Amino acid sequence: MTEVFEAKYGLPQDVKYCKACVISNQRPSSVIEFKNKPSDKKPTINFDDDGVCSACRYADVKKSIDWNAREKNLIELCDKYRSRDGSYDCIVPGSGGKDSAFTAHVLKYKYGMNPLTVTWSPHVYTDIGWRNFRSWIDSGLDNILYSPNGKLHRLLTRLAFENLVHPFQPFIIGQRLVGPRFSMLYNIPLVFYGENQAEYGNNITENESPKMDMSFFYNSSMDVCDLYLGGVSATNLIDKYNVNINDLNPYMPLDVEKLKSVGTEVHYLGYYLKWDPQECFYYAAENTGFITNPERTEGSYSKYSSIDDKIDPLHYFTTYIKFGIGRATYDASQEIRNGKINREEGAALVKRFDSEFPSKYFHEILDYMDITEEQFWKIIDAARSPHLWKKENDEWMLRHALWNE
Ligand SMILES: [Zn+2]
């Protein structure tokens, strides 16, 4: 009998890799919750009977979609909302990375909309991220840069790392909310996000709808006491960490009545236009002055995705620790599905880069989170699920690496 090792986070016991791309069945569906507790189990990506992941299956579906008809739908939607008096007619949340750069620019300069772009600030801008953000605005777009309370956001980021080993969690919540929040504040009902994350293996039925499920943004039955941020209840944040209840507002679900009175709708541009990250990059390079990193991103081989925040590489390192899935795996899987590389090439890139430790901004991010290197490694090693990791000769190794398949 083979030994059974504990699987943390409710992950599937048997590690399997998709037959078409390089993602494993350990990939969590990025369900964002206002009540993320450390003990929560995570739903994971679906594999079908042929061992192919739902994201690869959707990549096949995309090939048969009538994109001309979808573009017509987009034009109808724009016609319905387009402003005639110079006021803003849609909100485009984003950082000025390739995807939001493409979304806002194409809506304004191809489809004649008048977007207001809104940005939930990265934790710590990289030089290149700040430069791309400025170039995006300079390409002819209005922007509101929203920077959350720095003291609180640092605390929440640290707690999210300590309790969830997910330093990005408070950022993701804030960033997700910022579009609909400004829709309410400025009375602009239409909000455009770029791609639907379902393309990467969340609940695949979400791809069939152009609109985001709004129930995420409000929860009428929810009291502030039910909120969990960084794995800590709001009550504890207030009592133990001296957080002012009002300061939690940017992370709170939105007022459902207000959302309904404005008529806020969140649409994915990726539903209407065939989404290809590399094509977004080419478009942004040509039209919004987007430039790539001169060097490849740590933990991967790519140079143009998620390069604006110094905490990004650490985020992907934590997914490598928790799920055995690093940044090269995410990048290669996406590029395989979009026909840029084949599975063999992808596997070689994963082997070469996935485990690379992000040292470039490491100490800066430790300072940001106010934790020591010793604490960091204690948290990281405790987060390794025994069914994924083993220690041999004092070295941590994946039990089921892709290249050993
Ligand atoms: Zn796949």
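Tutor: Ala, Val, Leu, Ile, Met, Phe, Trp, Tyr, Cys and Pro are classed as nonpolar, Asp, Glu, Lys and Arg as charged, and the others, including Gly, as polar. The model is predicted: local features need pLDDT of at least 70 and side-chain atom pairs pLDDT 80 or more, while totals for chains, interfaces and linings use all residues. Residues are numbered from 1 along each chain as its sequence is written, and side-chain values use heavy atoms, without hydrogens or water.

Student: What makes up the lining of the second largest pocket, by class?

Tutor: Nine charged, five nonpolar and four polar residues. The pocket holds about 240 Å³ of space. Its lining has 18 residues, with Thr126, Asn293, Ile307, Lys360 and Tyr361 closest to the centre. Helix H4 (127-138) and helix H11 (312-323) are the elements that give two or more residues to this lining. Helices here are DSSP runs of H or I with at least four residues, strands are runs of E with at least two, and both are numbered from the N terminus.

Student: What separates a pocket from a cavity?

Tutor: On a 1 Å grid over the protein atoms alone, a cavity is a set of points where a 1.4 Å probe fits but cannot get out; a pocket is an open set with protein on both sides within 12 Å along at least five of seven lines; lining residues have an atom within 4 Å of a point. Volume is the space filled by probe spheres set on the points, which are joined across faces, edges and corners. The search finds seven cavities of 30 Å³ or more in the whole structure. The second largest cavity has a volume of about 70 Å³. Among its 13 lining residues, Tyr17, Gly324, Thr329, Val350 and Asp354 lie nearest the centre. This lining divides into nine nonpolar, three polar and one charged.

Student: Why is H11 called oblique to H15?

Tutor: The axes of H11 and helix H15 (residues 373-382) cross at roughly 40 degrees and come within 9 Å. That angle makes the pair oblique, as under 35 degrees counts as roughly parallel, over 145 as roughly antiparallel, 65 to 115 as roughly perpendicular and the rest as oblique. Axes are lines fitted to C-alpha atoms, for helices over the stretch in contact, and angles run from 0 to 180 degrees between N-to-C directions. Leu314, Phe317, Thr318 and Ile321 of H11 meet Phe376, Trp377 and Ile380 of H15, where contact means heavy atoms within 4.5 Å. These residues are six nonpolar, one polar and no charged.

Student: What makes H5 and H6 oblique?

Tutor: Helix H5 (residues 150-164) and helix H6 (residues 169-186) pack at about 125 degrees, with axes 7 Å apart. The pair is therefore oblique. Their contact has five nonpolar, three polar and no charged residues.
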